[in-house]
Amino acid sequence: GSAAADWGSMVDAELTEPGGCESIVAISPFDSFRSKDAREWKEEQASAGLVGVKQSDVDQVKIAANKIRLDRNATDFPNCSEGQVILTSRIRDVGVKCMIDLVPEDRPYLVDIKTTGDFSPSGISKKIAQFGYHAQAAWYLKIWNNENPDDQRSRFRFIWQSSESPYEVAVTELPAMDIAAGEDWCANALE
């Protein structure tokens, strides 16, 4: 529901879905979202499951997604992966689900795309802790491995992208120790 979440969803869609971000957006007929009519229009779009944006936002999303496609550390992921993989499972008799951004072919890891305003190593570490991305990684791996006994994964990577132009890109791998901490958090949450 935030501007940052909307941006991330649009970049994810542009990289992983047929039709790209156009499949999840509605282009605003307004110059800005300051007027009451414009805000109401945007709320109507959100109620319909769409992100209300200006065409210039879509243009910037395409530039940002292209930066990921061209980045030498990330280029293989969108091209050699299944995108937006939704899984459901049962863990300890609890129905669970997840949506994995990218499942690379013949690799031991899963991949998630994240945008951030603080692209520094300490900023990325803070985001992982603040939003519990270590628990997300553990959760996704657990559900994947539950549903894919012949394709077990043990590692988790993030494609990080600066939310500001020039949309820098970095790929990091979550340490096994952090995934284990995420597993503990998830086990406690399930209890």
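Two strands are taken to pair if DSSP finds at least two bridges between them. Helices (H or I, at least four residues) and strands (E, at least two) are DSSP runs, numbered from the N terminus. The structure described here is a predicted model, in which local features need pLDDT of at least 70 and side-chain atom pairs count only at pLDDT 80 or more, while totals for chains, interfaces and linings use all residues. Residues are numbered from 1 along each chain as its sequence is written, and side-chain values use heavy atoms, with hydrogens and water left out.

Strands β3 (residues 81-91) and β4 (residues 94-104) run antiparallel and are joined by ten bridges. Within this pairing, Thr 88 has Lys 97 of β4 as its bridge partner, and Ser 81 stands opposite Pro 104 in β4. Two residues lie between the strands of the hairpin, and Arg 92 there takes a positive phi near 55°.

Asp 93 is also found in the loop between β3 and β4. Its phi is positive as well, at about 65°, although Asp 93 is not a glycine. With a relative accessibility of 68%, Asp 93 counts as exposed; the term exposed applies over 50% relative accessible area, buried applies under 20%, and partly exposed covers the values in between (1.4 Å probe, protein chains only).

Gln 84 is placed in strand β3. This residue, again not a glycine, has a positive phi near 50°. Gln 84 counts as buried because its relative accessibility is 15%.

The expected span of a helix is 1.5 Å times one less than its number of residues.

| Helix | Residues | Length | End-to-end C-alpha distance | Expected span |
|---|---|---|---|---|
| α6 | 133-147 | 15 residues | 21 Å | 21 Å |
| α7 | 176-190 | 15 residues | 21 Å | 21 Å |

In α3, the buried residues are Val 58, Val 61, Ala 64, Ala 65 and Ile 68. They cover an arc of only 120° around the axis, and therefore lie on the same side of α3. The arc is that of the directions from the helix axis to the C-beta atoms. The C-alpha atoms of Asp 57 and Glu 164 are separated by 12 Å, although the two residues are 107 residues apart along the chain.

Helix α7 has Ile 179, Gly 182 and Cys 186 as its buried residues. These cover an arc of only 55° around the axis, so they are on the same side of α7. The face turned away from that buried side carries the exposed residues Met 177, Asp 184, Trp 185 and Asn 188.

Helix α6 is mostly covered, with eleven of its 15 residues buried. Among them are Tyr 133, His 134, Leu 141, Ile 143 and Trp 144.

## The largest pocket

A pocket is defined on a 1 Å grid over the protein atoms alone, as an open set of points where a 1.4 Å probe fits, with protein on both sides within 12 Å along at least five of seven lines; its lining residues have an atom within 4 Å of a point. The largest pocket has a volume of about 430 Å³, where a volume is the space filled by probe spheres set on the points, and grid points are joined across faces, edges and corners.

The lining of this pocket comprises 18 residues, of which Ala 4, Ala 5, Gly 8, Thr 115 and Tyr 133 lie nearest its centre. At least two lining residues come from each of α1 (3-16), β5 (109-116) and α5 (121-131). Helix α1 gives the most, with seven residues. By class, the lining divides into seven nonpolar, seven polar and four charged residues. Here Ala, Val, Leu, Ile, Met, Phe, Trp, Tyr, Cys and Pro count as nonpolar, Asp, Glu, Lys and Arg as charged, and the others, Gly among them, as polar.

## A cis peptide bond

Ser 165 and Pro 166 are joined by a cis peptide bond, with omega about 20°. Pro 166 lies in the loop between β6 (155-162) and β7 (169-173).
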